[in-house]
Structure formats: C-alpha cells, structure tokens
Amino acid sequence: MDDGTVRQDRSGTDTLLDARGLTKRFGDILANDRIDLVINKGEIHALLGENGAGKSTLVKMFYGSLEPDAGEILWQGRAVGIDNPAAARDLGIGMVFQHFSLFEALTVVENIALALPRPGRMADLANRIETVSRDYGLPLNPADIVADLPVGIRQRIEIVRCLLQEPQLIIMDEPTSVLTPQEADQLFLTLGRLASEGCAVLYISHRLEEVKRICHHATILRHGQVVRECDPTLETPASLASMMVGADVAPVNAGAQKPEFGAARLSLQNLSARAATPFATALNDISLDLRAGEVVAIAGVAGNGQGELFDAISGEVPLAPDMVRIDGKLCGNKSITWRRQQDAAFVPEERLGHGAVPGMKLSRNIVLTRHSTADGLITGGLVSTARASALEKRIKKNFDVRMSHDDPEARSLSGGNLQKFVVGRELDRKPGVLVVNQPTWGVDAGAAALIRQALIDLARSGSAVLVISQDLDEIFEIADRIAVISRGYLSVAEPAAGMTRERVGLLMAGGAETQGEVA
Amino acid sequence: MFEAVLLTVITAATPLLIAATGELVSERSGVLNLGVEGMMIMGAVVGFAVANQTGSGALGVIAAIAAGMAMSALFGFLVLVLVTNQVATGLALTILGIGFSGLIGEAYIGVPGLKLPELFIPVLSDLPFVGPVLFRQDAIVYLSFALVAVVAYGLFRTRLGLVLRAVGDNHGSAHALGYSVIRVRFAAVLFGGACSGLAGAYLSLAYTPQWVENMTAGRGWIALALVVFSSWLPLRVVVGAYLFGAVSVLNLHAQAVEIDIPSQLLSSLPYLATILVLVLISANRRLTLVNTPACLGKPFVPDR
Amino acid sequence: MRIELVKRKERSQLMLLLSPLIAIALTALAAGLIFSISGHNPLIALYKFFIEPLTQQWSLEATIDKATPLVLIGCGLAVCYLSNNWNIGAEGQFVVGAVFGSALPVLFPEFETAATLPLMLLFGAIGGALWALIPAVLKARFNTNEILTSLMLVYVASLILDYLVRGPWRDPGGYNFPESRIFSDSATLPEVFGGLMSLSTPITLVIAVILALVLAKTLKGFEIRVMGESPRAGSFSGFSARGLTLFSFVLAGALAGLAGTMEVSGGLNQLLPVISPGYGFTAIIVAFLGRLNPFGIIVAGFVLALSYIGGEAVQSAMGVSNKIASVIQGLLLFFVLACDTLILYRFRLTRRWSAARETTHV
C-alpha cells in the first residue's frame, strides 16, 4: 500500500467531469467537504466509502437532485449548473439507482418514457427498447408490467433507460447488490463494452472484490472528504477496506476449533404458504433443521421469498402446526408472542417501522418485543417504565448504541446504531433460537463486525442462529451451513466449507427451485 | 313513465359522476381528498348565490367551480405543503364547507332559484325516445360526459396522464427522475376541487334549483365510494354513478306508484347500497390491490 | 425567499404543548376577521363569543352540558384515531345508542325501578357498540374502508330514528307530533352539585380519567399507540390489527351510545327526530384539539362547547348568524392540523427556490 498523494491531478484532455471543491451541508452535518473528483472518458471509476461517508450526496449533486452549497462542476471543461435531473440527462449523465426509481404499476415502456425528454410515440419507443436492450445483452419486453418482474430484470430497465439517452457518464449505486454472481458477470461485460465505447461509469459498491476486478480508478471518501485515490487493480480488498474505514478491519472470529452441533432447535418441515398479495412470493415446501451451536445462512437475491419466510418463522403469518417446531414443540399456528415465550427471538429486515416504532423512545421499543417474555416488564397489566429504562441502558452499553441524549425516539438514531439496538434487544435475552433477516444491511463496517461476532458468539453458546442475507461476503464469513432461496424454494443447507460462490450463484439463479421440486 | 324515470336517473347521476371523476384524478396522483362533500356544498351555495345575484346561470357555475377550487387549494396547502394527515384534513374540509355554506346560504333559504336552461341538440333531440332523454339536457350533463372522456383519454393516452399516474404510484421515484411531485399533486387536487364545485352547482342550479342547507346529503361521500367502486378507472365511474343515480330515485318513484314501504327505508337505500358495494369490491383483494395508486394517502416529504 | 419544512430528529415537546394554543389563537384571529367582514366590531364579537359565556352561571352550565357528550364521544374517537381506525360515524352511534337506551322508557313506561336508569345506560352503550361493530367487522373481515361505511351509517341511523318517532314510537298522547312519550322520573338522569350539572358530567369525567390511565400506563394503551403509528411493528409485537379494530370501534361506539342515552335521558327527556346538533362530528374536532389525550379532550370539549354557546350569544346580542359557530369549529380543526406540523417539522427560510427541492441527512 503506497502512501502517495491523497489527491492526484488527473485532469487532462480526456476529462469528462471535473468537480472542484464541492461542499454540501445539512444542518449540523457537513455531508460533503470540498470534494475534488475527476472522471475521464471511458473510465470505470469506483467511489468507495462507508455508509454516511457522503457518496450519495455527491452523486446526487452530479445528477441534479441536490445543489452544492459551494464548489463547481466542470463538464467537458465547461462550468455547468446542474439544476435538476432533467438538466443532468441533457448533459449526458444517467443514473441507475440502488433502490430503483421504477413505477411498479406501469409497463416497461412507460417507465422508460418517463425518463426521456422526448419519448415520441410509445410504439416506436417500444421498438427501440427491444433493439437496444438485445444489443447490450439485457433483453426486455416493453409491454411487461414492472410489478411482475424480478429485481434483476428491474435493474435492466434502469440501465436500458440510461442507455437510450446515449449517456457519456452512467452513475451506478450498488448495482450488484440485487444480482446473482452470474448476473453480475453479465453486467460487468456490459460495463466493459460501454467503457470501450468511451462512456464513463461512476461505480459505487461495497464489494471490493468486484471493484478491484472491473474499476480503473478509485476515489475513497471518509466523513465527507476525499481521503485517498488509487488504482484498485494494484490494491487488495483488505487494503481498500482499511482505506475506507481508516483503520484495519478486524476479521470476525468464528472460533478456533470446529464447534459441536447439538439437537435441532428450530425445524421447518414442508413449510408452504400462499402469496398473500399479488406482489408477494409463495413459499414452497421448505425444510430446514437448525441445530444448537450453529449459524445457518440463507442466501438469495432480494424478493425471492426472504421476507415471507421470515414472517412465517416468526409467526406473523400463521401456518399449519407441524410446519414450524421450536425445540420440538409444534408452533406453526402459534403467535409470535408464544414463540418468543419458547425462547425464540426475531430481527426483521426493516429496522424502522417493523423492528422498531419510529416515534417511540427506545425504552418503549424494548416493550415491543419483550412485553411477554420473562423480563418483568408488565405487572398487573401495567408497563414498568423503570424496568424498561434499565434494559435500555444495558443494551445501549453492551452493544455500543450511540445516541445524542438518553432514551431518544428510535427515528433519531442512525441506521447502524438502530440496527445495533434492535439486534441487541434480542441478543440481550440470550435466546435459544434467533432468526435475523439482513443483520447488517446498510450498517458501517465497525458495527457490522460487532453484530456478526455477537451472532457467532450466541451460536457457540448453544443457541441456533438463522441468518437471512443477500450479502455473500457476510454469509461466507459467519455461516456454518448455507442454503439458498429462489422463488420461494429453499435448497438443502450444505456445509459452508464445501460451498463456492459459483455454486451459490447457480442455486440463486433457479437451482434451489429445481432442487426443491425434485425433492 | 319510463322516460321520466330515466330523466330523473340522469339528473341524480350527473353530480355523482362529476364529483367522482374529479376525485379519481386526485386519487390517481396519490392524494385522498375526503373533503368532496365540503367542496361540493360550497359549490352549491356559491353557485346559487352568484346566479341569484347576477341572474346568470353561467356565472353561477363558474363561481361554483372557483369555490370548489379555493377549498381544494386550502386542502392542498395543508396536505402537500404542511404534510398534514390526509384523512383528518379531508374531514376538516367537509366540516368547514358545511359550516361556511350554512353561513353564506342563510340569506338564500326559500329564495326561488334559477334553473339552467336545457340545450336541445338539433336533429338528435327530435329522435324518438332517445331524443328527449339524452339530447334535451342542460349543459352540465353534456359536460359530464365530455369530462369522463377527457379524463379517460388524458390519464392513459397522454404524457401528462402518465406523469400523474407515476406520481401516484411511486412519489419517491418520480422525485428522483426530477418530477415535481407536489406541483403535479396540487394540480390534481385543484382539478378535483373544480369538479366538486361543478357538481355542487348542478345540485343547486339544475337538480333542485334552490338552496337547502346540507343539500348535498352525503353525495360527496358516495362519490368517494364510487371511486373505489370504479377501481380508479374513469369509464367504470359512469356505470357506478348511473347505478347509484337509479337507486337514489327509487324513493321518488316508489311514492308515485304508492308502494307501502317506509319512506325512510327507501331514503336509506343509497347509503346501504354504498356499503354493500364497498364490501363487494373490497372482498376482492386482487382487484383492489392491482389498481389502487400505491401512494394513495401517503405523505410526501422530499427525502428526509 | 421561500419557506421550507425541515424534519426534526424527534418530536418537539414544546410544540406538542403549544400547537393547540397557537391554533386557538389563529382561529380567534380568523373569527375576528369574519366578524369584521360581516360588519361587526370584532373585539366585542369575540368577547361575546369566547368570554362572556364563562361569566354567567346559566351559560356556564349550558357549556358544561354541551361539553359532556363531546368529551365522552371524543374519548372513544381518540382510541380509534390513535390506533389508525377512522371512525367518523360517532354521530350515528350516538343516535342508535339513544334509541337503544330509550327502548325501555318508551316501550315499557310502567317499568319504574332503581334498575331502570342503569339498564338504559347499559342498553345505550350496547346499541352504540353494535352500530360501530358494523364498519369494524367489515373492515376486519373484508378490508372495507371504514371511513365511508361508518359515515354512511350516520345517515341510516338518523333515518331509523326519524322512522321511529314518526311511526311506532310516536307518543300516543302527543297530538301526532313526531316525538316519543316523555320519560318517567326513574328514567331521567338526576342533576348533581346543586343542579350545576347532570350526573352525566361526573360519569364522563371518571371515564375520561380511567381511559387516560389505560392509554398511558397499560399494555393495552401501548398496543393502541403502536398499532396506530406502525401496524407492521405492532404485528411484530404480537398484536392483532383486526382485534384492535373491533376493540376501538366497540369502545368508541359504546361511549357514543352512552352519550346518546345520557343526552335523551338527562336533557331532552324524550326522543325527537333530531337529537344532536352534530355532536358526533364536533367530537372529531375535540379529539384532535385535545391531542387524542383524554385530559386534553376534557379541555377541548369545553372549548368546542363554548363555541355552540358563543354562537347563540352573538346571534342574540349582535344579530350574527349562529352558523358562525360551525364555521369557527371547522377553522379550528384546520388550524389544529396545520399547527401540528410544527411538532415534527420546523420552518426554515431558504434563499432560492431550487435549493429547497430536497433536504437530505446522509
């Protein structure tokens, strides 16, 4: 790792975008502090940084959704004011959003028309979409309704939408987080082709392996400032990670010797559930045994039934009694409260609005999941404020939840701190069975490491831990066994040691489904 | 006899049709305005008062539309700018409208009104049966059909309609693409207000040309139910409005043929029918979920 | 220059307290404007409207009289609104409650015992609860929009009452007037505190205090709040949305029905075609002005009752239409809702239009 200049002067004849001293402040927070960034033509430029480092703010200024407080943007050597997304698109800047900017009730062609200044006749546009999408290896059917399409296809719509505007710069925010490894490879091919055609790509990703693989240059942000620039091909994922965090990231310790697994604590047997709404995924014949002492991870691309499976295991959606067993007790038709009383605990994907009530204080949010467990929070129908506050203080201390003042409303916590709180709230009980959906989604590296270590420690103390995650790095880091969910089918859980990314990818892309149908 | 029944059905259906069409546009943009009743009654009283003062029905209608829009602008300001709860604010609009109309209308109680003239469409109005029923109506009836046609075409065949539906489906995405969610919604809310005002004018200038307190008698609420009934499709609003028009004139005609049923029972039929229809529609979850604007009633604040 | 809203990180405790007061002040300002537009001295009119009724015993009694049903209905509605159940049919539940409560004295006028009155109150509560159960069951079972169904049932309820007093329940000795027979003494709610108020007022206050404790201290109260703010989190907590829909509607219906029975038994002493000056709707305003908190609702009920009495006062003293009262009530609700924005947001002046497009916390 070289200690070269923090900023490099790279502007020259090939310069496409040259940002100088961009600054943006929100209230007390300096989100971007005098950022300089140069993007050259035909370059795949990685923008790296932890959550909250200021990446989103920066690209929003490039895309015209935010206006800088200070600084200027030079586009092909000319100072420009990008007042709104339409102005950005006019310049030739396109954006593929992380949480797509699509309209589910509308068709593919309508979705694309909305982003074009002069879409022309719908029939002509549909033809163009078909041609361009096939040409780039991202085929689309223009008449499809978005709601019916899987996430991978939805991303194609976003990309084709950009391509139709003949962009010179495409901004991509975490594009591979919704793709299988194979789909990601296809995307990289498309990006490579675009770059060879002279189009630049500003690429935001947490996956440092792929950054090293496809990016030509990387800019690293920390606390709203550019801290480093480098050539990622000369770095390792570990060195990139330490540049982002500003310190070496300690690897999670899974324990030296192979753990002993005990009896099954959570059993799913032929768990099936119909889709509750037209937009939901049905669960098909899912079976899984979770033994004491182990962490089992369920991998899969978003929207393949993870949320539905979580709701079924937690008891928010009732099932037949024998579909779910906790420590041998039938509980498929029992309430979530009853399951908690059998020493199970649950952490949903959505922190705010599912795992916690935004407008309630943390001490009240503790009552949310622990009102009927053996915590003495309720006596004679009355809520004990004192007990709840004591628990809140304990969780805050043990899980390093940082807050501006004591016992604030849940909504005021940052994503990482709130996640530590909702995970800590359950871990604090030392539950026998813990089911957690996306334990470290959108959480900074430090907090993620803390949470992952806590999950492993819980399992090693004799509990069974089920982690549903879309993050393969995380899964390989903590899981003893790995299963894959695809369209509501679950593959057989296999020991993590024998699994490869390729194999997981094949299962994600439908292998789990055929396996489920054969079984 | 049959002609007469049909005529009353048309007059009973027209205000429902107009108000529901306006509300449909507002809801398609994602705004639930429960103040239809209040905007409608303000349209009725202002339309009546202005027509009465100026002697011009046309001016009355224009004033009623303006009154409906003014009310909806108030609603829009609270709901879109101050991000207040849409349900509560809609209720407030209704309560305010009923109160204000009572105050304004006090001077006009019992004052003979002015009825909008019927426009005979040349040639067509001379057709047997169809002519007198369909082509000898006042301008608002013709307008109501034009309105539905324009809204149906505009929503599904124009870019403006596409943007409106997009804003109602996902305001976050629309904002990210650079559309002004608040402006689009404000326009839709104003359109809804104009329609409600017009519907009110029809009540006090054509249906029963006089001012009676609370004369909307829940029609604004029925119009809201019609939007649900139509599953947000304009052409189905026509079907719903005429069905309800037919139910609500039963009372009138049952009395004529001297059927011995308590008049209160007949009067309650439109309300009971509304409940029945709502239950039937909502029991079919697939139908409602697919067409419901996904952002209906949800507050929008550009990125937290 | 443009004003923009900035979201606060947490609710402002100060504004929680201040916003209803600002709303009342703004309403008074607007009312003064309306008075002066209609050619009256706004200061005198405002005095007659808001202050004078408080200075005389009879008008104070009348205000308490009107506040009582408003508070009782408002308490029930608060539970509905806190749990995100939009019951706007309290007016109908009030009427049906009054009808149920009156069944005993109208159909069995000879049944005069100490049990008469308690039974009437019980029936009234049951009647209101049953009427409220209709939209609740439809919502829980079919997901039918409760706003529209509960409102439609208001019209149906008043038609039922109209039918009864003009038909089967008409007073046989009443010269064909549309009214029921007068209730006997044992069916009449007594006055207390030397005639200052009807027994209905202390009953209402006790219920409000109990409800306040339930909401603030118990798991049920917690459930109500959680479900209202975040149904998904509520279901995660193990609470049933359907169960709470039924619970809140039944409670609100029972309280409205009780209020209806106490109104006919304590004040009117008979059934008439119209028994409520819109209490069920005004109580919606009371609930919101009172911050959906029973103690707040007691104060708010008094303020709204004052507007009825004040309306009468300005009419008799200055010849202003008493319709001004309902205008002022409507304005008040508008201002309350608008001022509540200040609890979670603050205003900020920005220099340019474009800068206000978006505010982000990264």
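View 1. Axes are lines fitted to C-alpha atoms, for helices over the stretch in contact, and angles run from 0 to 180 degrees between N-to-C directions. The contact between helix 1 and helix 9 of chain B is made of 15 nonpolar, 7 polar and 1 charged residues. (Nonpolar is Ala, Val, Leu, Ile, Met, Phe, Trp, Tyr, Cys and Pro; charged is Asp, Glu, Lys and Arg; the others, Gly among them, are polar.)

A quick word on what you're looking at: this is a predicted model, where local features need pLDDT of at least 70, side-chain atom pairs count only at pLDDT 80 or more, and totals for chains, interfaces and linings use all residues. Residues are numbered from 1 along each chain as its sequence is written, with chains lettered from A and ligands numbered from 1 in the order in which they are written. Helices (H or I, at least four residues) and strands (E, at least two) are DSSP runs, numbered from the N terminus.

**View 2. Helix 6 and helix 7 of chain B are roughly perpendicular to each other.** Helix 6 (residues 139-157) and helix 7 (residues 159-169) of chain B pack at about 75°, with axes 5 Å apart. Helix 6 of chain B brings B:Gly154, B:Leu155, B:Phe156 and B:Arg157 to the contact, while helix 7 of chain B brings B:Leu160, B:Gly161, B:Leu164 and B:Arg165. Sorted by class, that's 4 nonpolar, 2 polar and 2 charged residues.

**View 3. Chain B meets chain C through 41 residues of chain B and 43 of chain C.** Residues are in contact if their C-beta atoms, placed from the backbone, lie within 7 Å. On the chain B side, helix 4 (86-105), helix 10 (219-229) and helix 12 (263-283) each give two or more residues. Helix 4 of chain B has the largest share, 12 residues. The chain B side has 26 nonpolar, 11 polar and 4 charged residues.

**View 4. Helix 4 of chain A has one buried face.** Its buried residues are A:Ala126, A:Ile129 and A:Ser133. Down the axis of helix 4 of chain A, the buried residues fall within an arc of 60° (taken from the directions from the helix axis to the C-beta atoms), so they line one face. They pack against helix 3 and helix 5 (151-163) of chain A. On the other side of helix 4 of chain A, A:Ala123, A:Asp124, A:Thr131 and A:Asp135 are exposed. (Buried means 20 or more other C-beta atoms within 10 Å of a residue's own, exposed 12 or fewer, and partly exposed in between, with C-beta atoms placed from the backbone.) Just after helix 4 of chain A, A:Gly137 has a positive phi of about 75°.

**View 5. B:Ala217 has a positive phi of about 45°, although it is not a glycine.** Look for B:Ala217 in the loop between helix 9 and helix 10 of chain B. B:Ala217 is partly exposed, with 17 other C-beta atoms within 10 Å.

Note on methods:
Contact = placed C-beta atoms within 7 Å. Parallel < 35°, antiparallel > 145°, perpendicular 65-115°, else oblique.
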